[in-house]
Every structure is written in structure tokens, then in C-alpha cells.
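Subject: Model handover

Hello,

Here is the structure for your files. My notes on it follow below.

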Amino acid sequence: MDAMDGLDVTACEECPELCASRSRIVNGVGPADADLLFVGEAPGEREDREGEPFVGRSGDVLDGALRENGLARADVRITNCVRCRPPDNRDPTDEELANCRGYLETEIEAVDPEFLVTLGKVPAEHLLDRSVTITDEAGDVVRAELGGAKRDVLLSVHPAATLYDPGQREAFERAIERAAAAVGSGDQATFGDF
Ligand code: URA
């Protein structure tokens, strides 16, 4: 049985392997009318334990970059393409992504953010429905039909990538800086300046 309560999925049995391995469903957090909606891939071990997206090491990186640009975690909404932790932190399968897509579409439509920010290759490819070379396209803004409307999507490398490849740190920081500027926060005055 699948069920949603507002933006929260309260029951879902669509993906047998994820249902067997998850501790809980990890829903999005943050204001239901946030200007920025960050979309990651899927919960990791810590997120599965605590029931909140991006609370592990990559969450620390994201929180730090937000703070650098005058934003608190509580100012933005953070969610994932898939709400249950894949075993051994493997990538979600196409079927799992498809099974969870309706929940994400509902969340995007309800939050109606000014900008979506994809964190990493998996959410970028899933939302744009094409292949993405994230190291080339990080920082780009593209239009996509999501949650019932044409929306601006800012592509970012995944915060975890900056931990195992410090060379990606600058691209990540630039993307978050650009996201903050898009909603009038941080040092950059306008989105059009980039
Ligand atoms: N990585 C993700 O993509 N999502 C999380 O919630 C945590 C780590």
C-alpha cells in the first residue's frame, strides 16, 4: 500500500529490495514553500538511521557551503530521488527511480521552488532524462518540465565528490554560490551575472 501525508510518503512497498533493507522511509525536509529545492540521489546509512536527507558527511559539506552563502539548512528544502536506502549504498536502479518519481513530482509541484539544484549525476540524469557529464555541466542552469511546470534546474556535483576528489570542491562551491544568488542570498547580486 502506498500513502502520502502532505509531502511525506508514509507507506510504500513498491521496491521489494529496498523495503527489505531500509530502516525507514526518508522524506524531504525543509520549508514546504522553499525557494531552493535540493535533490540528491538516495539516503545513505546515516540518513536511513536518522530519517533525514544529507545528515552524514556529505550533509556537512552541503550545510557548510550553504552557510558560506548566507543560507541555513532550515532555509532550503532537501530531498532525494529515491526515499529508501539502497543496500550497500549502491546506485538506485532505473526501476527504483521510476517507482519513486511520482512522490518527487508531487513534492516539486507542491513546493514550487524558484530553483531546483541536483546534487550529483544520478539526480541530474533522472530529472533531465538524458545523460549528463556532471564535471562538464556543473554550474549550468537548464529548463525542464517537472512537477507540472517548466522549471530552472541548476546542476551541481555531489557534495561527497568533494571529499574524495578535492579538485571538485571549486565546482561544488560555485554551484551553491550560484544557487544562493538565484534566490537573492550571498555576495552575488543577481543570477544573470554568471
Ligand atoms: N547522498 C544523497 O544523495 N542523499 C542523501 O540523503 C545523503 C547522501
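Which strands does α5 lie across, and at what angle does α5 run to β5? Helix α5 lies across β3, β5, β6 and β7, and its direction is at about 130° to β5. Axes here are lines fitted to C-alpha atoms, for helices over the stretch in contact, and angles run from 0 to 180 degrees between N-to-C directions. Helices (H or I, at least four residues) and strands (E, at least two) are DSSP runs, numbered from the N terminus.

This is a predicted model, in which local features need pLDDT of at least 70 and side-chain atom pairs count only at pLDDT 80 or more, while totals for chains, interfaces and linings use all residues. Residues are numbered from 1 along each chain as its sequence is written, and side-chain values use heavy atoms, with hydrogens and water left out.

The sheet

An open sheet of 5 strands has the order β4-β3-β5-β7-β6, with mixed pairing; two strands pair if DSSP finds at least two bridges between them. β4 (77-80) and β6 stand at the edges with a single partner strand each, so one side of each has no neighbour in the sheet. On average, neighbouring strands of this sheet are turned by 35° against each other, direction ignored. β5 and β7 run parallel and are joined by 5 bridges. Thr118 stands opposite Leu155 in β7.

Separately, strands β1 (residues 3-5) and β2 (residues 8-11) pair in the antiparallel sense over 3 bridges. Asp5 has Asp8 in β2 as its bridge partner. The hairpin of β1 and β2 has 2 residues between the strands, and Gly6 in this hairpin takes a positive phi near 65°.

Helix packing

Helix α4 (residues 94-111) packs on helix α5 (residues 121-128) at an angle of about 75°, with the axes 12 Å apart. The two helices are therefore roughly perpendicular, a label for angles of 65 to 115 degrees (under 35 is roughly parallel, over 145 roughly antiparallel, the rest oblique). On the α4 side, Leu97, Ala98, Arg101 and Leu104 meet Val122, His126 and Leu127 of α5; contact means heavy atoms within 4.5 Å. The residues of this contact divide into 5 nonpolar, 1 polar and 1 charged. Nonpolar covers Ala, Val, Leu, Ile, Met, Phe, Trp, Tyr, Cys and Pro, charged covers Asp, Glu, Lys and Arg, and the others, Gly among them, are polar.

The core

The largest nonpolar core has 48 residues, and those with the most contacts inside it are Leu36, Phe38, Leu62, Leu116 and Phe172. Such a core is a set of buried Ala, Val, Leu, Ile, Met, Phe, Trp, Tyr and Cys residues joined through side-chain atoms within 4.5 Å. Leaving aside residues up to four places away in sequence, Leu62 touches Phe38, Phe54, Ile78, Leu119, Pro159, Phe172 and Ile176.

Loop residues

Phe54 is in the loop between α2 (45-50) and α3 and has a positive phi of about 50° although it is not a glycine. Phe54 counts as buried at 5% relative accessibility (buried is under 20% relative accessible area, exposed over 50%, partly exposed in between, with a 1.4 Å probe and protein chains only). Pro53 lies in the loop between α2 and α3 and is buried at 0%. Pro53 and Val29 are 24 residues apart in sequence and 7.2 Å apart in space, C-alpha to C-alpha.

Asp129, in the loop between α5 and α6 (134-137), has a positive phi of about 55° although it is not a glycine. Asp129 counts as exposed, at 68% relative accessibility.

Regards
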